[in-house]
Amino acid sequence: MPKEFPHTLAHFLLSIGFQSMGGDLWQQEESKVRVKVMPGESQEGDICIGEDQWLTRRSSIEKHLIARVKPLRSVFARDTRIVSIDAETARAFLDKEHVKGFLKGSRYFGCIVPPHRVFRGIESSYTYEGHPLLAVAVFGKSLVMKEPDLDGCLSGELTEIATLSSIRLVGGLTKFLQAYKDLHPEMHNVMTYVDKEWNTGKGFLSVGFTKIGETAPIQLGNRMNKGNLKLRYVY
């Protein structure tokens with residue numbers, strides 16, 4: 001009997017239009033999305049999937065991959081509202097919609113469809129206080145910076161963000177950042193860390209984040225990961 005990993009991953013990739021490129025590398029021709037089965041060498045932009053990830057987070061990984069290669073409905077942030085939500089609502093959403101699952105933070109925000117925009121027909125299987133829930137962002141604790149030229153500035157951290165896998169939320173990231181600023185007017189900037197095995201960071205850079213460094217790779221089971229991009233958004 002074939003081993004569950006990578007056999008089941010290969011079967012899934014074939015089912016959504018990927019083709020084997022050899023050497024545990026897969027590509028979806030139309031979208032040019034590439035998946036590298038780990039361990040092994042990968043290129044910048046490759047989605048890297050290891051055995052532990054696949055066996056523990058398979059459902060959310062499948063959603064993520066489908067979203068990367070299939071057409072998505074565009075929903076505009078102007079048709080939504082950002083509200084503070086509780087940790088359990090955030091957990092229920094992120095455990096299914098983020099490849100890493102729920103990460104604890106100090107503040108949780110949800111992007112909902114308000115009553116006056118229901119006519120747009122925007123639906124979600126997740127709700128908050130009766131409103132369709134489209135995305136969730138988690139922010140960590142803020143700290144006073146000690147860096148040169150930024151000494152004394154208050155910095156927040158965007159720990160995690162995920163959108164409903166069936167939609168593309170246009171303007172959602174900036175709307176979450178503004179909601180956080182509205183709650184903390186004294187905030188100077190927001191930091192975030194982008195996993196290089198899943199994201200190139202282009203979406204963050206396009207809305208005003210700048211790259212200020214990278215974290216070192218760390219050991220994950222039988223392999224080294226690729227580390228994270230360290231990004232900063234200044235209000």
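Here are some notes on the predicted model above, point by point.

1. **Ground rules.** This is a predicted model, where local features need pLDDT of at least 70, side-chain atom pairs count only at pLDDT 80 or more, and totals for chains, interfaces and linings use all residues. Residues are numbered from 1 along each chain as its sequence is written, and side-chain values use heavy atoms, with hydrogens and water left out.

2. **The main core.** Start with the largest nonpolar core, which has 42 residues. A nonpolar core here is a set of buried Ala, Val, Leu, Ile, Met, Phe, Trp, Tyr and Cys residues joined through side-chain atoms within 4.5 Å. Buried is under 20% relative accessible area, exposed is over 50%, and partly exposed is in between (1.4 Å probe, protein chains only). Phe93, Leu94, Val136 and Phe139 have the most contacts inside this core. Strand 9 (residues 131-139) gives the most to it, with seven residues. Helices (H or I, at least four residues) and strands (E, at least two) are DSSP runs, numbered from the N terminus.

3. Leave aside neighbours within four places in sequence, and Val136 is in contact with Ile85, Ala90, Phe93, Leu94, Phe109, Glu160, Ile161, Ala162 and Phe176. Contact means heavy atoms within 4.5 Å.

4. **Strand 11 and its partners.** Two strands count as paired if DSSP finds at least two bridges between them. Strand 11 (residues 154-163) runs antiparallel to strand 9, with five bridges joining them; Ala135 has Thr163 as its bridge partner there. Strand 10 (residues 143-144) also pairs with strand 11 in the antiparallel sense, over two bridges, and Leu143 stands opposite Ser155. With strand 13 (residues 189-195) the sense is parallel, over four bridges, and Gly156 stands opposite Val190.

5. **On to strand 17.** Follow strand 13 across and you reach strand 17 (residues 228-234), joined to it by seven bridges and running antiparallel. Met191 has Arg232 as its bridge partner in strand 17. Strand 14 (residues 210-214) is antiparallel to strand 17 as well, with four bridges, one of which can be found by looking for Glu214 and its partner Leu229.

6. Which residues does Asp46 touch, beyond its neighbours within four places in sequence? They are Leu25, Arg34, Lys36, Lys196 and Glu197. Asp46 lies in the loop between strand 3 (33-37) and strand 4 (47-49), and it counts as buried because its relative accessibility is 2%. Val33 is 13 residues away in sequence and 7.4 Å away in space, C-alpha to C-alpha. Lys36, in strand 3, is buried too, with a relative accessible area of 6%. Its contacts, again leaving aside neighbours within four places, include Gly23, Asp24, Glu41, Asp46 and Cys48.

7. Most residues other than glycine have a negative phi, and most peptide bonds are trans. A cis peptide bond joins Met38 and Pro39, with omega about 5°; Pro39 is in the loop between strand 3 and strand 4. Lys32 has a positive phi of about 65° and lies in the loop between strand 2 (25-28) and strand 3. At a relative accessible area of 48%, Lys32 is partly exposed. Asp149, in the loop between strand 10 and strand 11, has a positive phi near 70°, and its 82% relative accessibility makes it exposed.

8. **The second largest pocket.** This pocket has a volume of about 390 Å³. A pocket is an open set of points on a 1 Å grid over the protein atoms alone, where a 1.4 Å probe fits, with protein on both sides within 12 Å along at least five of seven lines; lining residues have an atom within 4 Å of a point. The volume is the space filled by probe spheres set on the points, which are joined across faces, edges and corners. Of the 19 lining residues, Gly50, Asp52, Gln53, Leu220 and Arg223 are the closest to the centre. Helix 2 (residues 51-69) supplies the largest share of the lining, five residues. By type, the lining divides into six nonpolar, six polar and seven charged residues. Here Ala, Val, Leu, Ile, Met, Phe, Trp, Tyr, Cys and Pro count as nonpolar, Asp, Glu, Lys and Arg as charged, and the others, Gly among them, as polar.
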